[in-house]
Amino acid sequence: MDNKNRRWILKGMAGSCIAQPALTAWADTEAVPKQHPIEAFARRPLMERIALSPNGERLAAIINNGSTSTLITRAFTGGPVQSVLSTENLEFNFKWIRWVNNDRLVLSLRFPSQRMINVVQSIPTMETRLMAVNADGSNLINLVKAKIGSNALRWAANQDRVIDWLPEDGKHILMHLPNSERSYTRVIFKINVDTGERVFYSGGRPEAVGWITDRQHRARVAMCMDELGEYSIWVCNTDGSNWRVLRQYAPGANHDLSVLGFGLDPEQLYVLATHKGLSAVHTLDLRDPKYPLTLKLGDEGYDLDGSLIYDARGEAVGINTTREGDSSIYFWDAKYKEWQKALDEALPNRFNQIGSVSGNGLRYVLRSSKTGLPATWYLGEEGDNPSIKQLAQMYPELNPSKLAVKQPISYKARDGLLIKGYLTPPLGAQKGKPLPLVLFPHGGPISDDGPEFDEWVSFMADRGYAVLQVNFRGSTGQGRAFMEAGLRRWGLEMQDDLTDAVAEFVKRGIADPDRVAIVGASYGGYAALMGAIKTPKLFKGAFAFAPVTDLLELTEEEGQDSSKETMRRQLGHYRDDAERLRATSPRFHADKIQVPIYLIHGTHDRQAMFRHSVWMAEALKAAGKPHEFVTLENGDHQLSHYPYRLRLFGDLEKFLAKTIGPGRSTS
């Protein structure tokens, strides 16, 4: 069937099975919808991480139901569902899943732990383990067991790094793991997915911390780091000879190139490098000693990132990335570009992302969404009778036509820097009437807010609040220069960008200056506290989940050697920059706060340690400031446990109603 007919058939089928609510301009007056139940937002997505078996006959997925997340399998065409493994997301949670053959799955589990660094001292860790299990739930094993008499895995907290899936084999995978207990150096092992037996496969580069194989499964690229933090990328010939340095960076220096992998040509390496100030995909010819870069794919307004996408032959056909305002997958292969075009014509004005694909390319998983609205999973089939069938809505209790949607915004900060972001006004907003506003800075801070659905944002808008997301300086996606403008600027210009956003939308008549709150998680929680400290009259309340509150401690406690250098570059040093770090640490300025503060934190958080909220609560108590501190026993940084998510959303609703008033009445 030609592509024109395929698009016509897909378009007809899509129109019959997909409800496509229209986007409504925020300033228009419309009937105020009834609020959705809080559980509809607090839940984890109904279905996640869908993967097809190589033959396309079966699928695996994570199903979230209340407190329980369950790995399931079932036939592509439907039928009984097989429960494989479940968790309540306290002891462990699922990180990813993948079929290694038609009957067996490999999955990564993530869990909090402790590691002894000497006979009397331990450090908290967040670890991963790689498991394998049959599709019916039998023969569940740990693929990376410590060998008898060996302590080589002593420092290997993360044990799920598969570097080559050996698809033609189906019984083995390649992983890099420590070579010995005395060294962080990684070598490559070949591991049997049925027994866990592992044998040395390749390696030998001193101080290697990562490896990349070519499509012929030969170790060709080694990422190395010495004890002082100097980072280097090494490459070799196809026969393993002539190892030479491709790039070398001083500790903490900018990396102008990162390796993605190989296509079928073993002399052509795919990399991310800068083009017109933004990260783009390039190819690099390893036969030329000058290593010239050739642009493969770039975007005019946004950094590309992610991983390579391969077809059934093993050829690189595109990159899986996040894009602002268009499709979230990029292809350079003509066939795949045509396929994406057909889907985009069938499902217009949506984000259509091709996910897992069967080995013959005829069956696939499709994730489709509109800006700011929950996604829907579809199962697609090519061939003589192409079809798309809905599999599951990610948030089935939410009615897309009754949800507020994000709208892109931009403004200039006080120093003239252009800042972008999103505003999500509540449905029913009256034109010309200022709205209660929630400023919602993102975490990271080296990340960004995009057009995708965010349950926090949608929930607050559903409750009648306008929600403002700001990609302040230091955010990703807009080039290296924009990101680096935020280095060592926590609580300074990064915070001013947030303040300026509120001022701008008050000036535009959108925000009511007397009804503004700031809410955030992780770095966003830090920014919420700093907002209450730095601009005490701007906000009526600050709500912080898992915030960092002491930058001196953060820069002292984070990592060793190379990670210390990274921390020094991004944030500073607890000795050299003590005055600035103390001046921008909320813990030391609780006396300046004039509004209610809410803190909530999990005890098993390994990204922003629980003690940061303990310190802040103690400081607020000593200063006599109104606050509430909620402890989530065994809770993590991702708020994985459903009862904890429900508690947070319920408390957030009460906090906003108390500090800036109800968003609006409901019908």
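Author: Strand 33 (residues 511-521) and strand 34 (residues 542-545) run parallel and are joined by four bridges. In this pair, Ala 521 stands opposite Phe 545 in strand 34. Helix 7 packs on the sheet and touches strand 33, strand 34 and strand 35 (597-602). The direction of helix 7 makes about 140 degrees with that of strand 33.

The model is predicted, so local features need pLDDT of at least 70 and side-chain atom pairs count only at pLDDT 80 or more, while totals for chains, interfaces and linings use all residues. Residues are numbered from 1 along each chain as its sequence is written, and side-chain values use heavy atoms, with hydrogens and water left out.

The terms used so far are these. Helices (H or I, at least four residues) and strands (E, at least two) are DSSP runs, numbered from the N terminus. Two strands pair if DSSP finds at least two bridges between them. Contact, or touching, means heavy atoms within 4.5 Å. Axes are lines fitted to C-alpha atoms, for helices over the stretch in contact, and angles run from 0 to 180 degrees between N-to-C directions.

The sheet as a whole is open, has eight strands in the order 29-30-32-31-33-34-35-36, and shows mixed pairing. Its edges are strand 29 (407-412) and strand 36 (627-632); each has a single partner strand, so one side of each is left without a neighbour in the sheet. From one strand to the next the twist averages 20 degrees.

Next, the nonpolar cores. A nonpolar core is a set of buried Ala, Val, Leu, Ile, Met, Phe, Trp, Tyr and Cys residues joined through side-chain atoms within 4.5 Å. Buried means under 20% relative accessible area, exposed over 50%, and partly exposed in between (1.4 Å probe, protein chains only). The largest core has 53 residues, and Leu 468, Val 470, Trp 490 and Ile 597 have the most contacts inside it.

Most residues other than glycine have a negative phi, and most peptide bonds are trans. Ser 522 is not a glycine, yet its phi is positive, about 60 degrees. This residue sits in the loop between strand 33 and helix 7, and Ser 522 counts as buried because its relative accessibility is 18%. Leu 639 also has a positive phi, near 55 degrees, in a residue other than glycine. Leu 639 is in the loop between strand 36 and helix 12 (642-660), and at 5% relative accessibility it counts as buried. A cis peptide bond joins Gly 444 and Pro 445, with omega about -5 degrees. Pro 445 belongs to the loop between strand 31 (435-439) and helix 4 (455-462).

An open sheet of four strands has the order 25-26-27-28 and antiparallel pairing. Strand 25 and strand 28 (387-393) are its edge strands, and each pairs on one side only. Neighbouring strands of this sheet are turned by 30 degrees against each other on average, direction ignored. Inside it, strand 26 (residues 363-369) and strand 27 (residues 376-381) pair over six bridges in the antiparallel sense, and Val 365 stands opposite Leu 379 in strand 27. Helix 3 (residues 334-346) packs on this sheet and touches strand 25, strand 26 and strand 28. Its direction makes about 130 degrees with that of strand 25.
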